[in-house]
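Please examine the fold shown below, and follow the explanation with the structure in view. The discussion begins with the sheet and then turns to the helices and the loops.

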Amino acid sequence: MADELLNQSATALGELIRTRQVSPVEVTERLLEYAHAENDVINAYVSFRDDAAMAEAKRAEQEISAGEYRGPLHGVPMALKHDGPKIPPGPCSGITIPIRNASAPAAELSGTVATSVTALPVTSAGNGDPAHR
């Protein structure tokens, strides 16, 4: 089922997790493996949160097992968009890449697992300043 996991919608994946057909840990591991393997080609991520994401996945699994279900995205891994300062997503070449957007607090409240921080394309940075990439 591992390869099928990556082709599920977030809500379908959430339902598989809620009904314990798959675990947040299993899905997060698979997604991180895929993202790491493909990032040299797709260059979509500026930072990975492997350790933090696995801890969040384990916590989500424990909460769901204990009946503390937060909703349809609880335990679903996702990437956060890098768009400014400052919630530390994890190390990237020894530094912390800050992120700022509504998805970070919402992800925490909904119980989603933040796996990585995505790259901000130059064309969406406004002025092309490297600090905004």
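In this predicted model, three strands form an open sheet in the order β1-β5-β2, and the pairing within it is mixed. β1 and β2 are the edge strands, each of them pairing on one side only. Neighbouring strands of this sheet are turned against each other by 35 degrees on average, direction ignored.

Strands of a sheet pair through backbone hydrogen bonds, either parallel or antiparallel. Strand β1, residues 45-48, pairs with β5 in the antiparallel sense over three bridges. Strand β2, residues 77-81, pairs with β5 in the parallel sense, and five bridges connect the two. Two positions illustrate the pairing with β5: Ala-79 has Ser-116 as its bridge partner, and Leu-80 has Val-117.

How many residues of strand β5 are buried? Six of the six residues in β5, which spans residues 113-118, are buried, so this strand is largely enclosed by the rest of the structure. For the chain as a whole, buried residues make up 40% of the 133 residues.

Two helices pack on this sheet. Helix α3 touches β1, β2 and β5, and its direction makes about 145 degrees with that of β1. Helix α4 touches β1 and β5, and its direction makes about 155 degrees with that of β5.

These two helices also pack against each other. Helix α3 covers residues 24-42 and helix α4 residues 50-65; the angle between them is about 160 degrees, and their axes lie 8 Å apart. Angles over 145 degrees count as roughly antiparallel, and α3 and α4 are therefore roughly antiparallel to each other. The crossing in which α3 passes α4 is right-handed. On the side of α3, the contact is made by Pro-24, Val-25, Thr-28, Glu-29, Leu-32 and His-36. On the side of α4, the contributing residues are Asp-50, Ala-53, Met-54, Ala-57, Lys-58, Ala-60, Glu-61 and Ile-64. By class, the residues of this contact divide into eight nonpolar, two polar and four charged.

Leaving aside its neighbours within four places in sequence, Ala-35 is in contact with Tyr-45 and Phe-48. Ala-35 and Tyr-45 are ten residues apart in sequence, and the distance between them in space is 8.1 Å, C-alpha to C-alpha. Asn-39 also has its place in helix α3. With a relative accessible area of 13%, Asn-39 is buried, because the limit for that class is under 20%. Again leaving aside neighbours within four places in sequence, Asn-39 is in contact with Ala-44, Tyr-45 and Phe-48.

Most residues other than glycine have a negative phi. Arg-20, although it is not a glycine, has a positive phi of about 60 degrees. Arg-20 lies in the loop between α2, residues 10-18, and α3. Is Arg-20 buried or exposed? At 53% relative accessibility, Arg-20 counts as exposed. Asn-43 likewise is not a glycine, and its phi is positive at about 50 degrees. Asn-43 is placed in the loop between α3 and β1, and its relative accessible area of 57% makes this residue exposed.

The overall organisation of the chain can now be stated. Its secondary structure comes to five helices and five strands. Read along the sequence, these elements follow the pattern α-α-α-β-α-β-β-β-α-β. Among the contacts in the chain with a separation of 6 or more, 64% are between residues 24 or more positions apart. One of the pairings described above, that of β2 with β5, joins residues 77-81 to a strand in the parallel sense, while β1, at residues 45-48, meets β5 in the antiparallel sense.

Technical notes:
Residues are numbered from 1 along each chain as its sequence is written. This is a predicted model: local features need pLDDT of at least 70, side-chain atom pairs count only at pLDDT 80 or more; totals for chains, interfaces and linings use all residues. Side-chain values use heavy atoms; hydrogens and water are left out. Axes are lines fitted to C-alpha atoms, for helices over the stretch in contact, and angles run from 0 to 180 degrees between N-to-C directions. Helices (H or I, at least four residues) and strands (E, at least two) are DSSP runs, numbered from the N terminus. Angles under 35 degrees count as roughly parallel, over 145 as roughly antiparallel, 65 to 115 as roughly perpendicular and the rest as oblique. A crossing is left-handed if the near helix is turned anticlockwise from the far one by less than a right angle, and right-handed if clockwise. Contact means heavy atoms within 4.5 Å. Ala, Val, Leu, Ile, Met, Phe, Trp, Tyr, Cys and Pro count as nonpolar, Asp, Glu, Lys and Arg as charged, and the others, Gly among them, as polar. Buried means under 20% relative accessible area, exposed over 50%, partly exposed in between (1.4 Å probe, protein chains only). Two strands pair if DSSP finds at least two bridges between them.
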